[in-house]
Amino acid sequence: MASDQIRNKGVNVTDHDLTFRSLSEVLQNNITPYIALLEAKDCPGIKNLMQKLMGQLMNCYIDVDSSEDEDYVQVSHNRIRCSMTSLINWYEHVTKKPDSETPSKKRTSSSRHWQSPPVVVVFKDMESFSTKVLQDFIVISSQHIHELPLVLIFGIATSPMIIHSLLPHFVSSLLCIELFQSLSCKDHLSTIIDKLLLRASFPFKLGEKVLQVLINIFLYHDFSVQNFIKGFQLCIVEHFCSQPVSVLCCQLVDAKKRADSLSHDQCENIRKLPSFRRYVESQVSEKQIALLTVDTYLKEITQKLLEDLHVYHENYLSVLRCLHVFTSFLPKYPLGKQIRELYCACLENQVWETEEYESSLQLARMLNKSDLVTMLQQCVEIFVSSSGKEFDNTVEKLKEFLTQFQKLEEEAFQEQDVSVSSQKELQKKTDLYHLQKTLLELKESRRSKKLTKFEMLRFEVVDYIDSLVRNYLVPANHKTLHEIMYFNTASVLREHLNAAPRIALHTALNNPYRYLKNQALKSDEGSISNKAPDICIVYKLHLECGRLINLVDWLEAFSTVVMGAEGPNADAASSDQVDDIIHARFIRAVSELELLGFIKPSKQKTDHVARLTWGGC
Amino acid sequence: MSRPGGQGRDALEVKFVPDEEVLKHIAEYTGMKVQKNKTQLVGSVKRFVKKLENISDDEAQEILEEKNYVAALGLCTQDPMGNGSSVSGGEVYSFQTPKRSSKMAELASELAQTPGQSVAPDHSKCPDKTAKAPQNNKHTSSDKVLQRNKKKEIVSTTPYRLRKRLTAPDPYLESESEYSASCSEEDEEDQKEVSTVLSGQETPAKTKAASTPPPRNTLAKKNKNKMGNLVEEYFEAHSSSKVLTSDRTLQKLRKRRLNQQTLHDLLKKAPLAYAAEIKELNQQHERLFSKWMLQLHLGFNIVLYGLGSKRDLLEKFRTSVLQESVHLVVNGYFPSITLRSILNSITEDVLNHIGTFRSPPDQLEFIIKKFKEDSSLELYVLIHNLDSQMLRGERSQQILAQLSSLPSIYLIASIDHINAPLLWDQAKLSLYNWLWYETTTFSPYVEETSYENSLLVQQSGSLALSSLTHVLRSLTLNARGIFRLLAQYQLKNKDNPSYAGLSFQDFYQQCREAFLVNSDLTLRAQLTEFRDHKLIRTKRGADGVEYLLIPVDDSTLADFLEKEDEDI
């Protein structure tokens, strides 16, 4: 019986290759050297499937025991008949071989595998395989299962039920199915963000807008972690290319050294940074002069500021995680469920000024005790494990809160008594009037009642967290020299990763002035001057037409415009010549439009072209 | 202008004033109200609609509706993209109304009349209104017949004044005088010529107007309907087989068809507009070269988009940066480029491999293996027009994508077609690993369009002729004879418009008589060979008989026969 496994995965396509590749690598290293990856588009029939399968397995074979039999395999690869028997023969050959003639080197390499390692066949996209091919393969291989231990792995994008709808019962009963669920791409993204962005050890940071663009591309376009990484790479390239002070964007020790050896020009670059200017302005006048004129002093200050920045990051990230512990517990998640959302919010501006923060504090003031205690414990863990040195006090304070909560245990009993007694009062009096009265009184008393000790403590805790946030979660762009670490030009990313070629074409055709800075082309939004390039005029004219365009009319309209633009000085003497040139220009413009895909020749009517766009653009 | 006053005046004059005049007023009103208040607008719309109910002209109502609709939506004034007229609902709404066919000419005349000036978006959207404005000022007192006439002129496919200007550009026509009443008689004459077209146009106009419900209800409802209308109109426009365009053809224009060479010469004479600005643009792009190199080496591939030929830019890139390194230039726009030829040039010229491959995937595998083995191998691939007709196919794109994903192959390509990005699905995109660069150059597509079989360009046929002779030279004497027979027969019948081709039986008879074949099997084998080389085409006639045809124009065929005679 062929034992089978099924992997379940989401819609995202681009990362699957990567997933499967790493899966097969893991399998290759730990379980078996014999792995074949099959794709539906390579296997339209059972014969192709066998061919592909054997080809890949034979190649494995070469890899395992180097070059000695290369000739033999090369020949066999072309000549061997693709049948199950030859596959079994091959398998017997390779599995027996290490026993009979064991070079010591090979044994060590294969000792990690079992005595008779299974042959793993991965079907990357099971849904796209034709059912007949799958059925045949499973039925055939199940008959040879004793000679050839086979493990099939199916990649499934939809629901696991598909295997039963694809395969009839007599086939699926041959399989021993086990289901594995792969991680969703969002989890992968969270891991990457956690490992790359939320680490103080990694100096390069993304600005808020940039991160937002990357996450938006991920969420709204492709769900591809690969593309996210690509975007991140592009950010790094752009940052180090375009920002001259990025030389200092490295580990703190190196950065200090580099700051020491800055040239005069580089110092000037630092002085030009807006954040540094703000810093200078806040200093007293002698210091200002020193900062702006003396390079050595500037370097000293830069080192200090870099260190500040480093410390800021360490603290920032711990407090951020701590805040996330709180916000991720709140109902409706006003500050977002994922830490990346919280991070974006904190990067953007002072988070404590936002409405969402306000409401989440409100909600936090209503948390129950057990939740609060677990959160505090988590926070303590975060702070203890963080590398920041300033958190000793914080940890102590939090621990103090925890002990106070424990003390509250006893007092809680008394409070319960009070509430019980009031309840009893309610039950005693059954008169409607009195009931109403007591209820009102109860309400009054509750409103005016002094806060219980628990509530006071809870307020204290929330206020303390709030003060931490206000202290440490200052947005990065308020920090001096943040330009060194943060990449902020989101427009570059959008331009290169998420381009809109059609809009570019449209703007160029409708508003050539945006590209050609000539006064003659300057015009209001959405209109066009008659001195515009030919293709713009022809395009504009064609927009006025329906599905079909008469070339003669078009040509006439075009020549009217062009002659109007040239003015009355185009006199009759050279009219014939001019006419020809206009005709030629028209032909060029029309064939350019054809190349761009706006029109195509039509056979419906003589000398007509069909418009391929409709409505806008 | 106070509202009650204007209302009163309109109410008095509504019987006598022509429709256009009324419309003009309405347009002014709505225009003003939009700025003031929206609720007021709704009121005024309703009032005007009521007033117009006694005017039976459907067309007027339709225009009114459209106008209010556009104004109320405010689409003409506020557009987030800044794309103005082309995306606004107003234009979409008026899609393929009967006035449509004349709009091009109207816009043209308008553009021509305002040299150096721009045309406001409002005007371009309803050019008939602005075109009419001066007329109306002059003709308010004149009789209605004249106005009707004028209106007809608007509906006609190409206004007389445009046609006249084209044949003989007369400076006097540029003046205002063409709007005077004296012109209207000429127009009348002209009207007869196109009256057939007109009648064909006006009927659908009426039915369409009747089918549109009268303006009613609140604006919100209209807004909701907008999307539905859009969809419906699209299908309406594409379902009807009737096409509302004029019947004029280029032949009637007595314009000789330009051939490729004269076209080229003529264009050379015409100065390139805005050369300085285009140069400036190009220089901006050239500054990116070093960045491109860096990014190519970091594993990205680069794709260039934007209006204008990017050929020169890539060429500049090649000459200035890639001189020292191995590179391959692929002219994607070339009509006979194939994937195989690209792969062949990599295996043969770059990898110095002699031998053939069974299929492109095999060849690709070989290339991948070679590049992985030898890490010092580097190859820059420049593809002009990756979206061209020949490279558009799924298979070629897949293989190119796989090629480009190799770390030591650097691909830089250009695309032009508006739908080019649709070529790639997520899998291919991730293989290509594109970085997009907008390089709008505004340079004319000289090379790229020279192969396009434009309707307006006469095909020189030089390509067909050379291919004919090449193929024929490789054939046996008998085969050549067979082809000659067919060619001669076709030339004999070149003046016969109903000539469908030579039927197989007749052809077989003739070939036998000339001792070229001895059985119809040999002839069939020969014909199959011809067909494989695209020398002939077979067509089944109505009677089920096979007809043979050489798909080459007559002059080329004559040239070919002449040449053949010389050879023999």
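## A charge over a ring

Which ring does the charged end of B:Arg524 sit over? The ring is that of B:Phe504, and the charged end lies 3.9 Å from its centre. This comes from a predicted model.

A:Lys517 lies over the face of A:Tyr513. Here the distance from the ring centre is 5.1 Å.

## Aromatic pairs

Over all chains, the whole structure holds 34 aromatic pairs. One of them joins B:Phe289 and B:Phe317. Their centres are 5.1 Å apart, with 70° between the planes. The pair counts as edge-to-face because its angle is over 60 degrees.

The two residues are 28 apart in the chain, so the pair links distant parts of it. B:Phe289 belongs to helix H16 (residues 289–297) of chain B, and B:Phe317 to helix H17 (residues 311–321) of chain B. B:Phe289 is buried, at 8% relative accessible area. B:Phe317 is buried too, at 0%.

Rings also gather in a cluster. Ring pairs connect B:Tyr305, B:Trp424, B:Tyr432, B:Trp434 and B:Trp436.

## Two helices side by side

In chain A, helix H9 (residues 185–197) packs against helix H11 (residues 225–242). The angle is about 25°, and the axes are 10 Å apart. H9(A) is therefore roughly parallel to H11(A).

H9(A) brings residues including A:Leu189, A:Ile192 and A:Leu196 to the contact. The contact residues comprise 10 nonpolar, one polar and no charged.

## A lysine in helix H20

A:Lys399 lies in helix H20 (residues 392–428) of chain A. A:Lys399 is partly exposed, with a relative accessible area of 45%. From A:Cys379, A:Lys399 is 20 residues away in sequence and 9.9 Å away in space, C-alpha to C-alpha.

Methods. Residues are numbered from 1 along each chain as its sequence is written. Chains are lettered from A and ligands numbered from 1 in the order in which they are written. This is a predicted model: local features need pLDDT of at least 70, side-chain atom pairs count only at pLDDT 80 or more; totals for chains, interfaces and linings use all residues. Side-chain values use heavy atoms; hydrogens and water are left out. Helices (H or I, at least four residues) and strands (E, at least two) are DSSP runs, numbered from the N terminus. Buried means under 20% relative accessible area, exposed over 50%, partly exposed in between (1.4 Å probe, protein chains only). Axes are lines fitted to C-alpha atoms, for helices over the stretch in contact, and angles run from 0 to 180 degrees between N-to-C directions. Angles under 35 degrees count as roughly parallel, over 145 as roughly antiparallel, 65 to 115 as roughly perpendicular and the rest as oblique. Contact means heavy atoms within 4.5 Å. Ala, Val, Leu, Ile, Met, Phe, Trp, Tyr, Cys and Pro count as nonpolar, Asp, Glu, Lys and Arg as charged, and the others, Gly among them, as polar. Rings of Phe, Tyr and Trp (its six-membered ring) pair if their centres lie within 6.5 Å; planes under 30 degrees apart count as stacked, over 60 as edge-to-face and the rest as tilted. A charge sits over a ring if NZ of Lys or CZ of Arg is within 6 Å of the ring centre and within 35 degrees of the ring normal.
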